[in-house]
Amino acid sequence: MSESTASGRGDLSARGVATVGTLGALAVVFAAGLVAPDSIAGTIVDILAREGTLSSALRLSVPIALAALGGIFSEKSGVINIGLEGLLIISAFAAIYVAEVTGGVWVGFAGGVVASVLLSALFAVVVIEFRADQIIAGLAVWLIALGLAPFASQVIYGRPNSPSVTTPGTVTVPVLSELSALGPFRALFDASPTVYLMFLAVGVSWYVLNRTRFGRWVRASGENPKALDTAGVSVSRVRYAAVLLSGLLAGMGGASLSLDLGQFTGNGPTMVNGKGFIAIVAYLFGNYNPIGAFLSTLLFAGLDAMQTALQLQNIGIPNQLVRVIPFVMVIVVLALVGRTRIPEAAGEHYESGDDSR
């Protein structure tokens, strides 16, 4: 047995033990909560069993999951797009502005998507055509949006926060939304249209990446661009398409975020508040799999919803500590997941012998 094989098995065994230990600890917490409902564990179990917790988790998941899907397409093609935060910010503002001007919620949604696609197109030209450093260009996208959106709001509305607009409302499925046997899962049948859009986007993204010719081109562009070029497919065109698709999906996420709340908030880090960076962590956790990225997002969003509810329960733990629960769990999950396999050519420029194809 080779040393590397033994080391790999040792790492796998260690992760397995850690996983079993973590799941066992969670089982003990749930058991304690059921036995002693007045304890902190009981409060946690009670919060997790509420329909409102799942409803809040789904709502919080939408912008992160959609941005994560966009990041998967871009990075799978070989272009690292850490400007997802900026795409969320610009689309969140544009969606509210267009909705406020036109009076149409879905027209505003489309406006937010267009703004994000345009900014991602600028990013694509800079990193693909002019071969700029992808990390620096991504940071520039974030900083541009972080300054531009609140400034535009200040110019247009006289303050960094926009006025309120009409929200998309909710879609209620008859019978299922009232079926008590479903418990908290009734929230799945009484949610914002953007939640169902998220589910659709996850399924379509998985299908496109794994079952279509374009998906194979995207994967080849990020793993072996020379082979793709040799096969007669333009690497630059595939990468342009993937980056624009990341802008489309992130734009859907940013527009969903602001329209579901009915307002753009531009104070501080804006209402996006790091969701684009969390999206990057989510698809790394999911190992570039759309379904895995969604589940990672739902885990974080669920913990975020839980910590918000815990702060209202006065459980004797300082709120400052309660707020870090989602981030602590992110570190724990990162330790359990192990290494993520990054596409071989991610971050590398490729110069074809014939880019005219």
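This is a predicted model: local features need pLDDT of at least 70, side-chain atom pairs count only at pLDDT 80 or more; totals for chains, interfaces and linings use all residues.

Reader: What is I64 in contact with, beyond its neighbours within four places in sequence?
Author: Once those neighbours are left aside, I64 is in contact with K275, I278, A279, T297 and F300. Take A279 as an example: I64 and A279 are 215 residues apart in sequence, yet their C-alpha atoms are 5.0 Å apart in space.

Reader: What share of the chain's contacts with a separation of 6 or more is between residues 24 or more positions apart?
Author: Among contacts with a separation of 6 or more, residues 24 or more positions apart account for 74%.

Reader: Back to α3, how does it pack with α10?
Author: Two packed helices are described by the angle between their axes and the distance between those axes. For α3 and helix α10, which spans residues 235–261, the angle is about 170° and the axes are 7 Å apart. That angle makes α3 roughly antiparallel to α10, since the cut-off for that description is over 145 degrees.

Reader: What kinds of residues make up that contact of α3 with α10?
Author: They divide into 14 nonpolar, six polar and one charged. On the α3 side they include V62, L66 and F73, and on the α10 side they include L245, L249 and M252.

Reader: New topic: how many aromatic pairs are in the whole structure?
Author: A search of the whole structure finds six aromatic pairs. One of them joins F93 and Y97, whose ring centres are 6.2 Å apart and whose planes are at 10°, so the pair is stacked.

Reader: Where do F93 and Y97 lie?
Author: Both lie in helix α4, residues 84–102, and they are four residues apart, which is about one turn of the helix. F93 counts as buried, with 9% relative accessibility, whereas Y97 is partly exposed, with a relative accessible area of 32%. Ring pairs also bring in F264, so that F93, Y97 and F264 are linked into a cluster.

Reader: Last one, for the overall picture: how many helices and strands does the chain have?
Author: The chain has 14 helices and two strands, and buried residues make up 45% of its 357 residues.

Notes:
Residues are numbered from 1 along each chain as its sequence is written. Side-chain values use heavy atoms; hydrogens and water are left out. Contact means heavy atoms within 4.5 Å. Buried means under 20% relative accessible area, exposed over 50%, partly exposed in between (1.4 Å probe, protein chains only). Rings of Phe, Tyr and Trp (its six-membered ring) pair if their centres lie within 6.5 Å; planes under 30 degrees apart count as stacked, over 60 as edge-to-face and the rest as tilted. Axes are lines fitted to C-alpha atoms, for helices over the stretch in contact, and angles run from 0 to 180 degrees between N-to-C directions. Angles under 35 degrees count as roughly parallel, over 145 as roughly antiparallel, 65 to 115 as roughly perpendicular and the rest as oblique. Ala, Val, Leu, Ile, Met, Phe, Trp, Tyr, Cys and Pro count as nonpolar, Asp, Glu, Lys and Arg as charged, and the others, Gly among them, as polar.
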